[in-house]
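This report goes through one protein structure part by part. Keep the sequence and the 3D view open while reading.

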Amino acid sequence: FLRSSQNFDLIQFSTNMMWLLLVAAAVTCVASQSHWDGPCYLYPDQDAANPKKYSVEVPANCTDGTIAWDYPSGDLDVHLKIVGKSYSLCLVATPLTMLGSLREISGGVSKDVPLPTLGHPTCTDSLNGDTQFVVSSAKNQYYYTWVDFTVEIK
């Protein structure tokens with residue numbers, strides 16, 4: 001049996017640990033909320049005339065973020081314009097990135113580029129302050145796919 005002082009110490013320890021876990025959970029939720037609800041967490045818009053065409057405009061003030069594509073199908077146009085600056089836009093794979101193919105549009109010319117893989121992003125350099133990728137969905141239908149992006153001003 002535990003002596004009453006040992007029992008009290010055990011109860012006090014358990015209470016302290018419970019509070020520590022609750023505080024850690026609250027901090028984690030608050031920290032992640034800014035990412036999930038922030039201006040650089042992007043949801044594509046579906047074209048009203050063509051339900052297989054989506055687009056997302058990366059805000060010029062975002063240096064990194066996430067594109068969350070709900071029920072990905074068809075093509076997603078990813079566009080960024082930063083006037084008067086030279087930069088690179090990179091798509092960065094996550095464990096939840098499931099894409100079919102990727103094209104870079106530069107100066108009106110479309111070119112197939114490799115899909116990003118874990119640890120190997122796919123980047124395009126700006127031309128006259130403009131960058132664009134066209135992402136095609138995977139053949140299989142998924143509930144969601146996420147792809148991160150980074151912007152590096154040169």
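Gln 132 is buried, with a relative accessible area of 17%. It counts as buried because this value falls under the cut-off of 20%. The model is a predicted one, and the values given here are computed from it. Gln 132 belongs to strand β10.

The side chain of Gln 132 is joined to that of Asp 77 by a polar contact of 2.5 Å. With neighbours within four places in sequence left aside, Gln 132 is in contact with Asp 77, Val 78, His 79, Arg 103, Glu 104 and Ile 105.

## The nonpolar core

In soluble globular proteins, nonpolar side chains tend to be buried together. The largest nonpolar core in this model has 23 residues. Which of them touch the most other members? They are Ile 67, Leu 76, Val 78, Val 135 and Phe 149. Two or more residues of this core come from each of β3 (53–57), β4 (64–70), β5 (75–81), β6 (87–92), β7 (99–106), β10 (130–137) and β11 (144–153).

Val 78 can be followed in detail. Leaving aside neighbours within four places in sequence, Val 78 is in contact with Val 56, Val 58, Ile 67, Leu 89, Thr 131, Gln 132, Phe 133 and Val 135. Among these partners is Gln 132, the buried residue described above.

## The cavity

How many cavities of 30 Å³ or more does a search of the whole structure find? The search finds 1. The volume of the largest cavity is about 40 Å³. Its lining consists of Ile 67, Trp 69, Leu 76, Leu 99, Val 135, Thr 145 and Val 147. The elements that supply two or more of these lining residues are β4 and β11.

By type, the lining has 6 nonpolar residues, 1 polar residue and no charged residue. Ile 67, Leu 76 and Val 135 are in this lining, and they are also named among the core residues that touch the most other members.

## Two loop residues with positive phi

Tyr 71 is not a glycine, yet its phi is positive, at about 45°. Tyr 71 sits in the loop between β4 and β5. Is Tyr 71 buried, partly exposed or exposed? Tyr 71 is partly exposed, with a relative accessible area of 45%.

Asn 128, also a residue other than glycine, has a positive phi near 55°. Asn 128 is placed in the loop between β9 (122–125) and β10. With a relative accessible area of 70%, Asn 128 is exposed, because the cut-off for exposed is over 50%.

Definitions and conventions
Residues are numbered from 1 along each chain as its sequence is written. This is a predicted model: local features need pLDDT of at least 70, side-chain atom pairs count only at pLDDT 80 or more; totals for chains, interfaces and linings use all residues. Side-chain values use heavy atoms; hydrogens and water are left out. A nonpolar core is a set of buried Ala, Val, Leu, Ile, Met, Phe, Trp, Tyr and Cys residues joined through side-chain atoms within 4.5 Å. Buried means under 20% relative accessible area, exposed over 50%, partly exposed in between (1.4 Å probe, protein chains only). Helices (H or I, at least four residues) and strands (E, at least two) are DSSP runs, numbered from the N terminus. Contact means heavy atoms within 4.5 Å. On a 1 Å grid over the protein atoms alone, a cavity is a set of points where a 1.4 Å probe fits but cannot get out, and a pocket is an open set with protein on both sides within 12 Å along at least five of seven lines; lining residues have an atom within 4 Å of a point. Grid points are joined across faces, edges and corners, and a volume is the space filled by probe spheres set on the points. Ala, Val, Leu, Ile, Met, Phe, Trp, Tyr, Cys and Pro count as nonpolar, Asp, Glu, Lys and Arg as charged, and the others, Gly among them, as polar. A polar contact is a pair of N or O atoms within 3.5 Å; within protein, one must be able to donate a hydrogen and the other to accept it, and residues adjacent in sequence count only if both atoms are side-chain atoms.
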